[in-house]
Structure formats: structure tokens, C-alpha cells
Amino acid sequence: MSVKAKRFPQRLNIRSGTIDMTHGSGGRAMAQLIEELFVTHFDNDLLRQANDQAAFDVPAGRLVMSTDGHVISPLFFPGGDIGSLSVHGTLNDVAMAGARPLYLSSGFILEEGFPLADLERIVISMAAAAKRAGVPVVTGDTKVVERGKGDGVFITTTGVGIVPKGVNISGDRARPGDAILVSGSIGDHGVAIMSSRENLTFETTIESDSAALHKLVASMVEAVPDIHCLRDPTRGGLATTLNELALQSGVGMQLTEDAIPVRPAVSAACELLGLDPLYIANEGKLICICAPADAQRLLAVMRADPLGAEAAIIGEVIEDAHGFVRMQTGFGGSRVVDWLTGEQLPRIC
Amino acid sequence: MKYVDEFRRQDLAKKVSRAIHNEVDRGRRYNLMEFCGGHTHAIFRYGVQDLMPDNVRFVHGPGCPVCVLPVGRIDNAIQLAQQHDVILCTYGDMLRVPGSGRKSLLKIKAEGADVRMVYSTQDALKIARDNPGREVVFFAIGFETTTPPTAVAIRQAQAEGLKNFSVFCNHVLTPAAIQNILESPEVREIGSVLIDGFFGPSHVSSVIGSQPYEFFAEEFQRPVVIAGFEPLDVMQSALMLIRQLNEGRHDVENEYTRVVSRDGNRKAKALVAEVFELRRSFEWRGLGLVPYSALRIKSAYAGFDTEKRFDVPAIQASDVKGCECPSILRGVKKPTDCKLFGTVCTPENPMGSCMVSSEGACAAYWTYGRFRDPTTAREASA
Amino acid sequence: MCLAIPAQVVEIDDVSDSGTVALGPVRKRISLALVDDVSVGDFVLIHVGYALNKISPEEAERTLALFGEAELVEELAAAPGGGAT
């Protein structure tokens, strides 16, 4: 039985209202926030049951679970916001196991004083992302912290999914000779974020690439069930993720710089700031490592999907006791592509 | 990107590489020092060494203003941000440089100090305008390329009558540093490390011109080629140095003619001369005290001098024991000669100046070149 | 040191002595306080938000041509002590 809005004397003042401590205290104010914002927009039967948990049947197969905390700033950026980012991020983590995502949960930590209008904007964006993906947000939590103790809003999302039989995707399965593929251009998200941040002002036409990749992954797994590794190169960029995989698998890698897709605007922005696109975050791309015989087929499948239109084979896995990721530069010489050191900061030198 | 992409072409790289291979004298070594950190970066990032013959060695010099800033001055910047409640504006490069006690601007920012990264002195001026009730200090670093923008900001602050803006001046001078290296005992001694020729810095030269290097070429009898920033520029300049050495010449040549002239940028030089004057001496990390190597703000602009507005004590801080930065900065030792390299000292946890900046010799070698010498390879810390 | 990048001037504002440059598809507002006689269409060297110098298109062409001719020069001159690669 659904709960009617008349339960609360006045509707939430979304336009000019702000979060206060009562919204997290478990009482009527919190119930109203949940009802009028979260339940209304996430809009699914499980959530409408108004329990503290969601109970559901799952199809046969191995269960996959993943969780992410989102603490980004700014909250809104070209091509997305913390809401859509959190939904896509968790869907992708589940998908990187080769799994089909089923359900999402989301926990909100809200800072006292946070505008309700911004919260609604974020929730609407999350709901739209979840709907596009076909994966509902079925349970959640809300807490409020005092002014100064949060960055507006922190969101934690958890997702569950099912891995079909015969699929065993893991970071330690890269083998010498395997092909390394990337699903599209790198560095878009990080540059989009930097272009919105206060101190770095420049106009680009770059939008974040934030997107849910599970449907792309589903078609890849269907074509080649024995994909060895899948990972999305988020923080730390392509370079860091490749180093992680090399370490996990105990191998090295040999990349070709000219094969790595980079948008001209991203390239130019990086030149201006002294940054390297290899280390910049992506939120809608994946790395795939597979047996050499499967590379062309996977490439074709990826390119047939709008989210993989610029997919490319960028290198191969090699034997290397030291685990270096090396790259043949476009200039003709060779260099190491190391882990990211600290945070990549714009430089003048 | 015009004037960028063409200077990275692989086909042209092959041509210049072939020319170098054909013209080197197999019976000798060529030790070519690139003074400028930007050149170090280009060499490693594009793998230029792979296209050079074995008997041509790049020696990495101290041309990285982040690397040579003494620890004491970083401590001063940290103090300013913490004790005086100022808004400390800084270029990104300085944020992670460790001062004494493992503190850095980034660390104290995390602890609540108002440290703000800026891309330009114009950003710092805007912050001062937007926050009239707070003191704004701009942490000025850099060689002659970066000094004119600071001069513009100080003059603009004066014209606007800004009461809350000042500059903590740490601008240093390239020719003085080159002289210091060339005069150091190891370099002067015969049989010790020799630097046969120099790549002149690209963008410092665009401001000061090629003329100041004529003194070095003459006095120390070594060729100088002002080299552009891109990898093709570096290779062509190497070829020009090799030719000079083969012919026994020691002239100043300019490869970067598209930007550098003999006189440089007169307008920028005049602005700098108006606002700044020479300090008698200044301590350089790794090189010690170097006379007439740094600038301070003239008394006419004392109102914008952080060292006049606040108490900025001279702090004597020393480098970590075992750190070989002084020798590495002079090109006397390689990063792999230092016991701390790759063990205690990594980019994640830098001990000395050469590891701190991405252009320091040690950082560049670690990040890009480590795989060439597997005996020094270490497990990367995840 | 001194990360500086060539970019094309697309807009000039004489009042504030600033302008907008384009590097590929990216645009940035920069100060023109350190250069004189800059016109829209010129290429300038950008460092920390300032144009430092104009870039000479003729010299750029000449330099590129030098790279291309590098091999030819050595073919014409005698190579001292060197052998063919």
C-alpha cells in the first residue's frame, strides 16, 4: 500500500529549503525527505514497500557485489553529476566481472545546509541513469552531518549482479601474448572535471564520458565468454589501471602510443596544463585483455556499440619479471608508463 | 596542434637520428648537459635516448626551479599559510614539495590552511580582489620565464591600489646557475666528469635572448645550442652540438629561432628590471650559496613584498643524509649512484629535490627510464 | 622548466590587455601584457597564463626543413671517423 503525500502537513520546500539535522534523525522530517525525493524519483515497488531492506529472488549463477563511495567536487560538471556518476560507477564495477547488474542501493551523507534543489537535481539524475540502465535503486540510507563536516553530499552506492556460467574474469588472468584493448578515447572525464573547477578556467567542448557499460560488456561476454580481464580505468587513469593488472597477473605490457585514442580537445587541454592523458580519470571506458585469437572479434563487437565506437587494440601482454608497462612513443623511442604518483597536478615547469 | 605536432614527427626523428649516427666520432664520448627540466622531461617522455648513439650521453642539470628551491624557503611559505592566516596562492608544482619535518603545502592544506593552487598570477590578483579582508600571498618561483608574469602582477596591484596582496619572491637566474656548475671543482678538474656542451633553455632564452650565453661559450670554451622544447628540437640541437664539438668550435647557436632572438623579449626584461633587483647571494638546494643568482622586490614596491610585510625568518634547513642531489644536480652523479634512490626515496616519498619535481633527474629517471637498467628496478609501491 | 605552449590568438581585448587563444579546440583567456603588436591570427607562446613571445612562422618552416635535410647535409660533408649506420 503506498503512502499518500497528505501524511505531511506541507510539501518539502525544494526551491529554497535546505537540509537540517532533523532530516537525518529518523523522525517525520526524514520520512518526508525519503518519501518526496527518493521514493518518488527512484520509483519502484521494492522501494515503495518502505522497509529498511529489499528482498528479492535472484537467477541462478554466481552473485557479484560491488560498492563505491563518491566524494567528488564539483558536484555538477559537463556531462554529469555526482548522482549519475555514482550509478554508472557501481554498474560498471559489477559489469567488470562480466556480470549482469540487478539492483542498486544508495546511501546519502548530507551536510547540514545543503540546498534541497541541488539534492533533487542529483536524485533525478540518478533515477534517470538507473532507468536508462534498467537497474532500480531498491534500498538506501540517509544521514545528516553538521555543517562543515561534509562536502555537500557524499553518496555510497552498492550493486549486485549475476555472472553467467563459464565466465571467469579476473585481474590475475592476463597472460603473455594477450591483446590489450580499450573501448574508446581516454582522459575525457578528468578534463571535463578540471574545466569546471574554480581555479582552472578554460572553455572546452569536452564532456565527461560517464556511462553505464554493462550492456556493452554483455555483448562482449556473449561473443567471447573467456575474456581474461576487464577493468574500468577510473582514478589514476589508463596507466594506473594497466599497472594494477600487470602486478596482479605478474606480467609486463607493451603499448603503442599512436594506437591509444585521445580526443584533440583532451590532448590540447593536457598540453596547456602539463598533464598526461594516460593518468586522467575515465568514467565510461573499459580495458579488456583477451587471448590474441579473440581480439579482432571483440574489437568488432565493441565498435558496434555506441559506447565502444572508438575501441582500439593498444598493445599486448608480455613476459616481464619486473612488471613494467612499457610504451613505444609516437616519436619512435621507448618509455615506461609508471603508476600515478600522488595526484596529478597542473604544472608550470 | 600547430607548432607542436610537427615537431614530434617520427619520420623526421629518423632522419635526424641517422644524421647523428653518421656524424658522431666513434672514438669519443659526447656529454651534453640539458640545463632545463623541460628538456629532461621531453627526453624521457618521448624516449629520445633510444634514437641516439651510445656514445652520446644526456647529463641532467639543475634547471628545475622547484628542485633548487631551498627547504628553508618552503618552510617559510608553510609558516605564512599557517601562522598568519593568509591565503597562500601557489603554482601546482610546489604543492607536494616537502619542507622540514615532512610537511608540504598540500599537507597543511589538508589540515585546514588556506592554500590555493593558481595557474597564473592573474588568478592570485583576482583572489586578492575578491577577498579584501584577507591577506593574499603569492608564492613566486621560477627562472626568467616565470619572472615577468610576477612583475606584471605587482605593477597591476600597485595601479589598482590593492592593499592585501604581496609576493614571496624566490625567482632565480639561469646564467648564475650555469656558471656555478661550470666552476665547480668536479667540472673544472681534468679527468673528472666533463660537460662537453650545453642545451640552452628554451623559454628562459625567449625572454633573456641568446646573448647572455656568449660569455659561457667563450669563458669555458664549450658550445651552447639554444634548443626548442619538442623532442625534434632536442635531437637537432644535439646534432648541432656534436657538429661544433667535431669541428672544435664553441659558439652560441640558436635552434629555437621560431621563438628566440639574440635580444629576447625587451618589454618583459624592462618590466622585470623595474620591479626586481639582484640579491647579493641566495642559497640553492644542492648548489649552496650562489652569488647574484636571485631576485628580490625593489623598495619602490615594498608594499607588495611579503618579506617586508611579514616576519619571514631565514631558516637553515639541511638535506637528508645520504641524499646525492648536490652531485646529481651538477651532473657529477647519476640517480642510480644514490643509495636512497628507489629505496627510501621515491616519487611517492621524495627525500630530496631531484625526486620532488617530475622534471628532477631522479623523478624523470624513475618514472620513465627505470626499465633500461633492470638492476635498479624496484617493486612499484601500489 | 617553463612549460610553454604555442597557441593562436583568436580575440584581443585592448582595454584589459588580455586576449583569448586557441590550442586545437581548447580556448583560454590569457594576458598580453608582455608582448606588443599582436594581431588576431598570430601564434604566441603561452606560459602561466601570459603570452611570452610571438612565434615566427617563417622560422618555424625553416627549422622543420632543417630536420628534413639533416641527412642530406651529412651526405654532402665528410663524416669524421663515422661509419654508416
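Residues are numbered from 1 along each chain as its sequence is written, and chains are lettered from A in the order in which they are written. In this predicted model, local features require pLDDT of at least 70 and side-chain atom pairs count only at pLDDT 80 or more, while totals for chains, interfaces and linings use all residues; side-chain values rest on heavy atoms, with hydrogens and water left out.

Between chain B and chain A, contact (heavy atoms within 4.5 Å) involves 44 residues of chain B and 31 residues of chain A. The two chains bury about 3400 Å² between them, of which 58% lies on carbon and sulfur atoms, buried area being the accessible area (1.4 Å probe) that two parts lose on being put together, summed over both. Across this interface 2 salt bridges are found, a salt bridge being a side-chain nitrogen of Lys or Arg within 4 Å of a carboxyl oxygen of Asp or Glu; the side chains of A:E257 and B:R45 meet in a salt bridge with an N to O distance of 3.2 Å. Helix α2(B) gives the largest share of the side of chain B that touches chain A, namely 4 residues, where helices are DSSP runs of H or I with at least four residues and strands are runs of E with at least two, numbered from the N terminus.

For chain B and chain C, 57 residues of chain B are in contact with 45 residues of chain C, and about 4100 Å² is buried between them, 63% of it on carbon and sulfur atoms. On the chain B side, B:Y3, B:N22 and B:K267 lose the most area to chain C, together 17% of what that side buries. The rule finds 1 salt bridge across this interface, and the side chains of B:K267 and C:D36 meet in a salt bridge at 2.9 Å, N to O. The largest share of the side of chain B that touches chain C, 8 residues, is provided by α1(B).

Within chain A, helix α7 (residues 237-249) has 13 residues and reaches 19 Å from its first C-alpha to its last, close to the 18 Å expected at 1.5 Å a residue, the expected span being 1.5 Å times one less than the number of residues. Of the 13 residues of α7(A), 10 are buried (under 20% relative accessible area, 1.4 Å probe, protein chains only), among them A:L238, A:L242 and A:L245. These buried residues of α7(A) pack against strands of chain A that include β7 (179-182) and β11 (312-318), and the helix is followed by A:G250, whose phi is positive, near 65 degrees.

Notes:
Buried means under 20% relative accessible area, exposed over 50%, partly exposed in between (1.4 Å probe, protein chains only).
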